[in-house]
Amino acid sequence: MATTTIQNKVLSALTEGKALTSADIKNRYKAGNPQAVIQALRFAGYPVFLNTRKNSRGVAVSRYVMGTKATKQVIGAGYKALAKGLLDN
């Protein structure tokens, strides 16, 4: 029996076009550290972006979404270089 990981579940949701908050990832997918899940997806080369917008009450709400512009190889290489301190932030 194949086990579906939290990363795979989050990736599937993002690929389907869903926008997820950190709370969504924590509560729906039982991730202890939602940011670590997103970081792992980014390191794997998926173009996951954090969009912040204000809701109708003026409160900023941040959601992760799947991008479409960059290739997996470019995104993965960029995040790995950042993690190793090879690029300036």
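In helix H2, the buried residues (buried meaning under 20% relative accessible area, with a 1.4 Å probe and protein chains only) are Asp24, Ile25 and Tyr29. Because they cover an arc of only 95° around the axis, they lie on the same side of H2, where the arc is that of the directions from the helix axis to the C-beta atoms. This is a predicted model, in which local features need pLDDT of at least 70 and side-chain atom pairs count only at pLDDT 80 or more, while totals for chains, interfaces and linings use all residues. Residues are numbered from 1 along each chain as its sequence is written, and side-chain values use heavy atoms, with hydrogens and water left out.

**Overall layout**
- The secondary structure of the protein comes to four helices and two strands, which are DSSP runs numbered from the N terminus (helices being H or I of at least four residues, strands E of at least two).
- Along the sequence, these elements follow the pattern α-α-α-β-β-α.
- Of the 89 residues of the protein, 26% count as buried, and the C-alpha trace spans about 45 × 40 × 25 Å along its principal axes.

**Helix H2 and its partners**
- The buried residues of H2 pack against H1, H3 and strand S2 (60-66).
- Helix H2 (residues 22-29) packs with helix H3 (residues 34-43) at an angle of about 100°, and their axes are 8 Å apart; these axes are lines fitted to C-alpha atoms, for helices over the stretch in contact, and angles run from 0 to 180 degrees between N-to-C directions.
- That angle makes H2 roughly perpendicular to H3, a description used for angles of 65 to 115 degrees.
- Ser22, Ile25 and Lys26 of H2 make the contact with Pro34, Gln35 and Ile38 of H3, where contact means heavy atoms within 4.5 Å.
- Just after H2, lysine 30 takes a positive phi of about 60°.

**The nonpolar core**
- The largest nonpolar core has 13 residues, and those with the most contacts inside it are Val10, Leu14, Leu20, Ile25, Ile38 and Leu41; such a core is a set of buried Ala, Val, Leu, Ile, Met, Phe, Trp, Tyr and Cys residues joined through side-chain atoms within 4.5 Å.
- Helix H1 (6-15), H2 and H3 each supply at least two residues of this core, and its largest share, four residues, comes from H1.
- Apart from its neighbours within four places in sequence, valine 10 is in contact with Leu20, Ile25, Tyr29, Val37, Ile38 and Leu41.

Key
Angles under 35 degrees count as roughly parallel, over 145 as roughly antiparallel, 65 to 115 as roughly perpendicular and the rest as oblique. Buried means under 20% relative accessible area, exposed over 50%, partly exposed in between (1.4 Å probe, protein chains only).
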